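User: I have not seen this structure before. Please take me through it in short answers.

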Amino acid sequence: MNRAENSDSIPIDLILEIFSRLPSKSVGRFHCVSKLWQSMLSCPYFKELYLTRSSTRPRLLFVVHSVGEEEEEEDKLHFYSSSQPPIPYDKSSLVVAADYHTTFPSERCSYASGLICFRGKGCSGEEAMTLICNPITGQYAELPKVIMYIPSTAFLGFDPIDKQFKILLEHLTYSSATNRHLILTLGVPKLGWRSDNCYPKYYGCLSEGICISGVIYYLVRARYSKGVLEIVCFDVRYEEFKVIEAQCFYNHHQTLRLINYKGKLGGITGNLNDSGAIELRMWVLHDVGKQEWSEYVYTLPENDDIKLHDFTVAGMTTRGEFVLSMIDTFKPFYVFYFNPEKNALRSVEIQGFGEDVSSVEVFVDHVEDFNFLRRESS
C-alpha cells in the first residue's frame, strides 16, 4: 500500500480528532495544504470540536501595548498567548515562551469569550470606526461608524444562551440622552447601533468591564449620592440594566480589578498589611437579588520576584488560582499564580514579547476558538 492509499484510508473523523489536539497556529498552517483540508478545518463540526478540546486547555492571553515613536505613528496592540500549565508547587519558578498571533493599531480594547473589541479612535464628537477581532486567527470585522465622545467606554459581552456577541457603548455623562448608551448586536445580517434610553443614571465608569455568564459588570459612581459606588449590570440577552450597591469598594476603587470568581462577580485589590506583607482583599457578590457581598483576605507568601507596586491581579483560573501580572514591563516579565488553599505562590517568566513594550494586559482562561462573531452549531 503506497502513502496516498494509506492516507486516504484514515477516517475523516479521526483526522479531525487529531487536528483538534494541535495548537491553533499549526491548524492555521494546515488550511493551506489543500482545498480539501481547508474545507475540513473550516466546517462547523471541526470548529465546535476544536472549541471543546481547547476548553480543557485554557491559556493566558497577553495584550502587549507599544507606543508609536513618531508623531504620525499609531499605537499598536500585539497579541500573544501562552499555556496556562498546572504549576508544580515543588518548584520555585518556570519559564514559558509566548506565541505571537497578530497586531492591530489601537490603544484600548475590551475582551469577552475569546474576542476583542477595539474602541474607535478619533476626536470627540466625530465618527470613529470600531473593530471586532479574533486575536488567535487575526480575523476581524469593521463595525458601523458611530459618533464617539471622550471619554467613552466600549464593553463586549457574550450571551451563552443565544450564543451572540453584543457591544455596549457608554458615552460620557453629559452626552445627550439619545446616545448615552448604544448597543450593537454582532453576527446579524444588518449591523446597526441602536440607543437604549432605559439606563441607570450615574457618573462615569471607574473600572474596566467584565462579562460573566451573559452579564456585563462595571463599577460607577452614583449620580445622586455623593461618594456612593455602584455596580452596573447589563444583561446581554435581554438588554436590561440593574444597579447594585458596592460601597465596599469605596476605599479601594483606584486599584480594584473586577474578576470572575467561580462564576460570580468578584472585586479584588492588593495592599500592604501592617506587617509589611502583601495582602489580597476580595469581595464576592454571592446573591445578586439580596445584594450580599462577602469579604476574603489572603496574605501572600514571601517571593523575591514580586513587590506590591510591580503587579496587578489579572483574574482567577478555573483551577481556583489567582493570576497576578507585572505592571512594569522591564525584563524579565513575570506572572504569578497564587493558590489560596495551599497558600503557595509561584512565578512564571514569560518570554517572547520583544523590546518595544510599554504595558501588558493579561486575560486568564482564554480558549482558542476558530468561530467568529457567532457560535456555529454542528
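User: How many helices and strands does the protein have?
Analyst: This is a predicted model, in which local features need pLDDT of at least 70 and side-chain atom pairs count only at pLDDT 80 or more, while totals for chains, interfaces and linings use all residues. Residues are numbered from 1 along each chain as its sequence is written, and side-chain values use heavy atoms, with hydrogens and water left out. Helices (H or I, at least four residues) and strands (E, at least two) are DSSP runs, numbered from the N terminus. On that basis the protein has 26 strands and five helices.

User: What share of the residues counts as buried?
Analyst: Buried means under 20% relative accessible area, exposed over 50%, and partly exposed in between, with a 1.4 Å probe and protein chains only. Of the protein's 378 residues, the buried share is 50%.

User: Which helices do the buried residues of H5 pack against?
Analyst: Helix H5 covers residues 44–54, and its buried residues are Phe 46, Lys 47, Leu 49, Tyr 50, Leu 51 and Ser 54. Contact here means heavy atoms within 4.5 Å. The buried residues of H5 pack against helix H2 (12–19), helix H3 (24–30) and helix H4 (35–42).

User: Are H2 and H4 roughly parallel or roughly perpendicular to each other?
Analyst: Ile 12, Ile 15, Leu 16 and Phe 19 in H2 meet Trp 37, Met 40 and Leu 41 in H4. The axes, lines fitted to C-alpha atoms over the stretch in contact, with angles from 0 to 180 degrees between N-to-C directions, come within 11 Å and cross at roughly 70°. Angles under 35 degrees count as roughly parallel, over 145 as roughly antiparallel, 65 to 115 as roughly perpendicular and the rest as oblique. H2 and H4 are therefore roughly perpendicular.

User: Which UniProt annotation covers residues 10–48?
Analyst: The span is 72% helix and 0% strand, and its end C-alpha atoms lie 21 Å apart. UniProt positions are given in the numbering used here, feature names are shortened, and annotations may be inferred rather than shown by experiment. The record, an unreviewed entry, labels residues 10–48 "domain: F-box".

User: Which residue in E4 does His 78 stand opposite?
Analyst: Strand E2 (residues 76–83) has six of its eight residues buried. On the E4 side, the residue opposite His 78 is Thr 103.

User: Which strands stand at the edges of the open sheet of four strands?
Analyst: The order of this sheet is E9-E10-E11-E12, with antiparallel pairing. E9 and strand E10 (residues 164–171) pair over eight bridges, and Phe 155 stands opposite Leu 168 in E10. Each edge strand has a single partner strand, so one side of each is left without a neighbour in the sheet; these are E9 (152–159) and E12 (194–195).

Definitions and conventions
Pairing = 2+ DSSP bridges.
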